[in-house]
Amino acid sequence: MDISAFELNENQRAITERASTWGASWAPMATEIDREDRAPTADMVRSSGEAGLTGLTIPREFGGRGGSALDFALAVEHACRAMKSWMAGDILFSTTCTGPSVLMISDNEAVQRKYLPDIAAGRRTAAIAMTEPRHGSAVTDLETTAEIRGDRIVINGEKRFVTGCPEYDTYVTFVRLGGIPGAKGIGAVVVDKGAPGLELGQGPRCMGSHGSPHGELRFTDCEVPAENLITEPGNFGRLMQAFNMERLYISALCLGLAQAAYDEAVAYSNERTQFGRPVNEFQAVYHLIAEMYTQIESTRYLTYKAALTAERGRFPRALDVSVAKLQAADAARDVCWKAMQVLGGDGLVTGFPPERCFRDVIVSSIAGGTIQILKNTIAADLLGKKLDQRG
Ligand SMILES: Cc1cc2nc3c(=O)[nH]c(=O)nc-3n(C[C@H](O)[C@H](O)[C@H](O)COP(=O)(O)OP(=O)(O)OC[C@H]3O[C@@H](n4cnc5c(N)ncnc54)[C@H](O)[C@@H]3O)c2cc1C
């Protein structure tokens, strides 16, 4: 595959190889993880650390690998391609993606010193808790409150669909402080599993992304030390910039899974004969291969381009990464479906890689910002007009 336009450096080529090797080492478990909807998360995180894949973008001063957004995207892409499972991505998410990125923008060095070194080393996993039962896309309406009382922060409210809950150790939680309404009142706090007043529950079973729980948090006068405050209210824009890493993550995950489905389709179409010929010698199938490749390549270029925009700031630019995620989720769904067609009946067998990848990438159209919200972000940037979302 020619990626010379992006001139991967030696370190990035090494990351790509390590991620492929690590992802492949877990591939034999992918079917079981998907079927059981349970994974050996701690073992996977530990092995990702041994492979040099934890804390990829966490600065070196906090024990991280000081890498770029592109390093992270490459690792996610190649781990997912090799394991042929969303789960590979979520393991890398737990020590590099949204939770750690929000911590990285904090002005509070105490909270960074407390958490980032352990996350970087894979000794601690970090989730992001933003979505609530009554507020998903409308995150600026969130109702979970935090009140600073002396040396404690007291939190009340509920979160749902939190990836990694109840397994992850640490929950980077978006909260409303000081009773200030709207975006201006939103800040973030770190809450540890086991904090008094925090209950963690298993969430619903989703159609894809199996192995990774998407659980619920209930805070009832939950207390954490005041040093766990990541940001005061008034920094919503900065918080959402960190969220651009999540959009990049999902773009790279879709890219890797689409590529995995394509790899399966090519191999199968060479092996499978009908009417005395390999099925890829029928022009309809021959063309499907060309279409899939074109969709994957355009996704790759948009994803890498979005990652490279982070070099002008800490995180990818909202416009580029929203375009990448929109394209990636759409293209990956279509590529997986085409791969399923190439496999005929085998393409529909539950748990076979193209079918599993198809269910996984559908999740990407919702998680990390829905298709409709991405389009709002893109059009608002292009037109310089943010439409009023309220009736
Ligand atoms: C597998 C999975 C993992 C997730 N992981 C996390 C996580 O780790 N942490 C976390 O905090 N959340 C997580 N989420 C939640 C996810 O971010 C939300 O599901 C998503 O933001 C949409 O919110 P909602 O489900 O409440 O849908 P709603 O916001 O209720 O949307 C319903 C529909 O209305 C549309 N809509 C809403 N507002 C607008 C608008 N202004 N313009 C146009 N259309 C609109 C939406 O696009 C959608 O089609 C996860 C979700 C899933 C499925």
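**Chat about a ligand, its shell and the domains**

Reader: Hey, where does phenylalanine 161 lie?

Author: Phenylalanine 161 lies in strand β3. Strands here are DSSP runs of E with at least two residues, helices are runs of H or I with at least four, and both are numbered from the N terminus. Keep in mind that this is a predicted model, where local features need pLDDT of at least 70 and side-chain atom pairs count only at pLDDT 80 or more, while totals for chains, interfaces and linings use all residues. Residues are numbered from 1 along each chain as its sequence is written, and side-chain values use heavy atoms, leaving out hydrogens and water.

Reader: Okay, and what is phi of phenylalanine 161?

Author: Near 55 degrees, which is a positive value in a residue other than glycine. Aspartate 37 also has phi near 55 degrees, and it sits in the loop between α2 (30-36) and α3 (41-50).

Reader: Switching to the ligand: how many residues surround it?

Author: There are 19, and the closest are Thr131, Ser137, Phe161, Thr370 and Gln389. A residue is near a molecule if one of its heavy atoms lies within 4 Å of it.

Reader: Which classes are those shell residues?

Author: Nine are nonpolar, 10 are polar and none are charged. Nonpolar covers Ala, Val, Leu, Ile, Met, Phe, Trp, Tyr, Cys and Pro; charged covers Asp, Glu, Lys and Arg; the others, Gly among them, are polar.

Reader: What does the side chain of threonine 131 do with the ligand?

Author: One of its N or O atoms is 2.7 Å from a ligand nitrogen. For serine 137, a side-chain N or O atom is 2.6 Å from a ligand oxygen, and threonine 370 has a side-chain N or O atom 2.6 Å from a ligand oxygen too.

Reader: Which domains does the shell draw on?

Author: Domain 2 (126-234) and domain 3 (237-383) each give at least three residues. The chain also has domain 1 (4-120); the bounds come from an automatic or database domain assignment.

Reader: How many residues of domain 2 are in contact with domain 3?

Author: 12 residues of domain 2 are in contact (heavy atoms within 4.5 Å) with 10 of domain 3. About 890 Å² is buried between these two domains, with carbon and sulfur atoms giving 76% of it. Buried area is the accessible area (1.4 Å probe) that two parts lose on being put together, summed over both.

Reader: Last one: which residues does a cis peptide bond join?

Author: Cysteine 165 and proline 166, with omega about 15 degrees. Proline 166 is in the loop between β3 and β4 (170-177).

Key
Polar contact = N/O pair within 3.5 Å; in protein donor to acceptor, adjacent residues only side chain to side chain.
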